[in-house]
Amino acid sequence: MKLAVYGYTEYGIRILYKLLEKKDVDQVIFVDNNVSKIGTKTDNIGVVSLYSFLRMYQQKEILKIIIPDYSLSTIRSMKNDLRKNGVKAEDVLIVETKSFIEKLEGLVKFSDYKCYKVPFVQYLSFEASEKCNLNCKRCDHFSNLIDNDNQESADEFTHDLELLSSKIERIGTFSFLGGEPLLNTDLYKLIYVVKSYYPDTQIIVLTNGLLLKQISTELVQAIKETQTIVRMTLYPPMKDKIDDIVQFMRNKEIKFELSKAVDEFWTQLNIEGNSDSHKMLNKCVNSDCFVLKKGKLAKCPITMNISIFNNYFRTEIPQDVLDLSDDSITPEVIHEYLYNPIKTCAYCGREKYYEWERTSGKVKVEEMLCADKIV
Ligand code: SF4
């Protein structure tokens, strides 16, 4: 069997040598887009361009390609490269390097490697609160379009994690967001729930920061005990408060990060539904921002929350999510769903940029639409 590993990197090298120990693996090559690496050889193992790999894949000389746990944007761009060039989901394996190597260690042949769960997703988010205290206009979670906050209880969230962990083995980063996650007074309980199911996962609380100085002692303790990172998005109303909040976070010894200033928002919905969904997905920056909510898994916040948009504007954009409680949702089905376009992708289009503003009064549908369809 001949295999490829995407990326001539430290992770890639570790995986490649472990694969070569397997009895049924004759050859493994590296695939890399970095021109300085293409054509180099180590121990007679070559690094080829994506295009050479594609030729070998089409001629069935290489059967599968393995992507290690790189950053979210790197994995997204690798998946896009493969998908748009016709590499099927079933031939792409995205893994967490350490656990993949541990699994291979116990096997004589690579063909004995079986995925009883999806091995790895780099990023998953959960809306701890649907409501927001900032109410940005054109929020792509549509938090500004709802009246009631349908927060999940800690018990419901535990049930979600029970379902999720039966289908997905490892998660790189689990992000609590919203709306504004600090509006959920049980957030500290939810953080412990994630740690109990996914102890190695990095937890992030993504907040607009305005409520940070009022957080409870329980939440401070949970954040510190679980090494959670608080990531603040620097929206315009935060700018004259940020020095004060940074000092507060330092005093509390909480790990935090600050995004660069967000002065613009974009809209990307196309209610005509006439975009080319493959082309749209290839350029979408939200495509691997997977979302968990009420036992469902979604490829992006837009499809997860599209019913809020539909209710507000009386539109009928299709939602396309997976019900994790459904026994027919196997790891293969989840992997296919996360790899390929979904029904909602035809309802996205070229982004239209606006200066950031808060919502005031009734929002008009034309203020939420993309610049153009993608064809
Ligand atoms: S529906 Fe598709 S194109 Fe639109 S945001 Fe989600 S993944 Fe991206």
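Student: What distance separates the centres of domain 1 and domain 2?

Tutor: This is a predicted model, where local features need pLDDT of at least 70, side-chain atom pairs count only at pLDDT 80 or more, and totals for chains, interfaces and linings use all residues. Residues are numbered from 1 along each chain as its sequence is written, and side-chain values use heavy atoms, with hydrogens and water left out. The assignment, which is automatic or from a database, gives domain 1 as 2-112 and domain 2 as 121-368. Taken over C-alpha atoms, their centres are separated by 31 Å.

Student: What area is buried between domain 1 and domain 2?

Tutor: Buried area is the accessible area (1.4 Å probe) that two parts lose on being put together, summed over both. Carbon and sulfur atoms give 49% of it here. The total is about 1600 Å².

Student: How many salt bridges cross the interface of domain 1 and domain 2?

Tutor: The rule wants a side-chain nitrogen of Lys or Arg within 4 Å of a carboxyl oxygen of Asp or Glu. Across this interface the count is 3.

Student: Which element gives the most to the side of domain 1 that touches domain 2?

Tutor: Elements are DSSP runs: helices (H or I, at least four residues) and strands (E, at least two), numbered from the N terminus. Those giving two or more residues are strand 6 (92-94), helix 4 (97-105) and helix 3 (72-84). With 8 residues, the top contributor is helix 3.
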